[in-house]
Amino acid sequence: MRKGVKRFVTVLLACCTVLGLTGCNKKTNSGVTEIQIVQYKPEAVKAFEEIAERFNETHDDIHLTIDSPNEAMTILKTRFIREDYPDIIGIGGDINYSNFLDADLFMDISDFDGIQDVKQAYLDMDKELEFVPKDGVYALPFAGNAAGVLYNKDMFEEHGWKIPETWSEFTALCDEIEAAGIQPLYFGFKDTWTCLAPWNALAVGLADSDTCNQVNMGTTTFTDSYKDIAVKMKELLKYSQPNPYAYGYNDACTAFARGESAMYAIGSYAVPQIKSVNPDMNIDSFVFPANENEEDNVLNSGIDLQFSVMKNCENKEAAYEVLRYLYEDETIQIYLNDQSGVACKDSEFVLPEMLDGMRTYIEAGRMADYQDHHYPSEMSVDAMIQTFLLDEGADSVDTFLTRFDKDWKRYNRDLIRKVQEYQKETEGAQ
């Protein structure tokens, strides 16, 4: 998101807290209730067109419209200012959700019967996205994604390479691949957001999932919590192609698809792009082995899409009927087939083949959210990481972590004050 838009969003959110909320769903002359969803993934428009069509074919009393616009978040925030609210919104489990929740825009849906079917790991992720603890449930996690290491399965089988389970095994594998004359990893760090892929995948195993909140409460610092992550991020550069900052995301996907590297540290979301270059590529994945003990490793999986009912929605039962339909196994599978995602519902679904190597973690709920889902966009952590990786100085790790702590306080000053005030009030009430 561009900086100008970021500033615009901040103003919009402030306004959202003071605007009155008005009803938005209407009944037609025939008594049919209109429910509108605005969801933020335009790449899934075909899947949602099919879902809306199926819903409307099977419901006479409710008509569902699902809009999937480009720049959906900006459009939503503009609509909120105009008091033009959809009934339900579909967004990711990230800082935007945190901001909307903090602005008191969402309905508590803890009485929705489908909540009991959500995997606990994803409910926990949403709770950790609350700036201060709130009673209730405000989103229905729908689909997640997974990030770690994609690998060329045919190449691995040809050379007899084993999937690593520890950091030492991973670096030894990289050395082995390099000795065979093959590039171990390929990065597209010209696009700064891709720096967050290995960062997040390492962080879930090396830092507490609520690290950002701990920093806000003043119980830790990023200097203390992120050092191991930073050191290992630097070490990855030894196994990348020369000057990874000259190549972008599409370059990296293309290089991996053409067999120019054995592995690619990225999320499952990259598979469609890779397959567009090499449709027959045999891809599998494994969890980033960040630790020296396998049992300490954690899968990096976040909520890619979830649905929240707007607080002002006048027809709660109609909205709940829509949520029930969305959470039917058949409906979820339509989306998963289209987007190669991971279901947030605890049920039997066909997992994309490229996630077979992560299956045991997904089934066991050994997952933690992306750390960057808690970072304010204004802080531009992706660019900070790129600058850090470019810094060849002996004190680059300390410089980076010091800046991280400093910038965090700068961009989260009001939030830190709110969290610590809540902490004092809670302690005083005990």
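Let me start with helix 3, residues 72–81, where Ala72, Met73, Leu76, Lys77, Arg79 and Phe80 are buried. They cover an arc of only 160° around the axis, so they sit on the same side of helix 3. Keep in mind that this is a predicted model. After the helix comes Glu83, and its phi is positive, near 60°.

Next, a residue in strand 2. That strand runs over residues 62–67, and His63 belongs to it.

What does His63 touch, once neighbours within four places in sequence are set aside? The contacts are Val32, Thr33, Glu34, Ile35 and Asn56. Take Val32: 31 residues separate it from His63 along the chain, yet the two C-alpha atoms are 6.6 Å apart. With Glu34 there is a side-chain to side-chain polar contact, at 3.1 Å.

Last item, the second largest pocket. Its volume is about 250 Å³. Thirteen residues line this pocket, and those nearest its centre are Lys119, Ser347, Phe349, Ile362 and Glu363. Which elements each supply at least two residues of the lining? Strand 9, residues 342–343, and helix 16, residues 359–364. Helix 16 gives the largest share, three residues. By type, the lining of this pocket has six nonpolar residues, six charged and one polar.

Note on methods: Residues are numbered from 1 along each chain as its sequence is written. This is a predicted model: local features need pLDDT of at least 70, side-chain atom pairs count only at pLDDT 80 or more; totals for chains, interfaces and linings use all residues. Side-chain values use heavy atoms; hydrogens and water are left out. Helices (H or I, at least four residues) and strands (E, at least two) are DSSP runs, numbered from the N terminus. Contact means heavy atoms within 4.5 Å. A polar contact is a pair of N or O atoms within 3.5 Å; within protein, one must be able to donate a hydrogen and the other to accept it, and residues adjacent in sequence count only if both atoms are side-chain atoms. Buried means under 20% relative accessible area, exposed over 50%, partly exposed in between (1.4 Å probe, protein chains only). The arc is that of the directions from the helix axis to the C-beta atoms. On a 1 Å grid over the protein atoms alone, a cavity is a set of points where a 1.4 Å probe fits but cannot get out, and a pocket is an open set with protein on both sides within 12 Å along at least five of seven lines; lining residues have an atom within 4 Å of a point. Grid points are joined across faces, edges and corners, and a volume is the space filled by probe spheres set on the points. Ala, Val, Leu, Ile, Met, Phe, Trp, Tyr, Cys and Pro count as nonpolar, Asp, Glu, Lys and Arg as charged, and the others, Gly among them, as polar.
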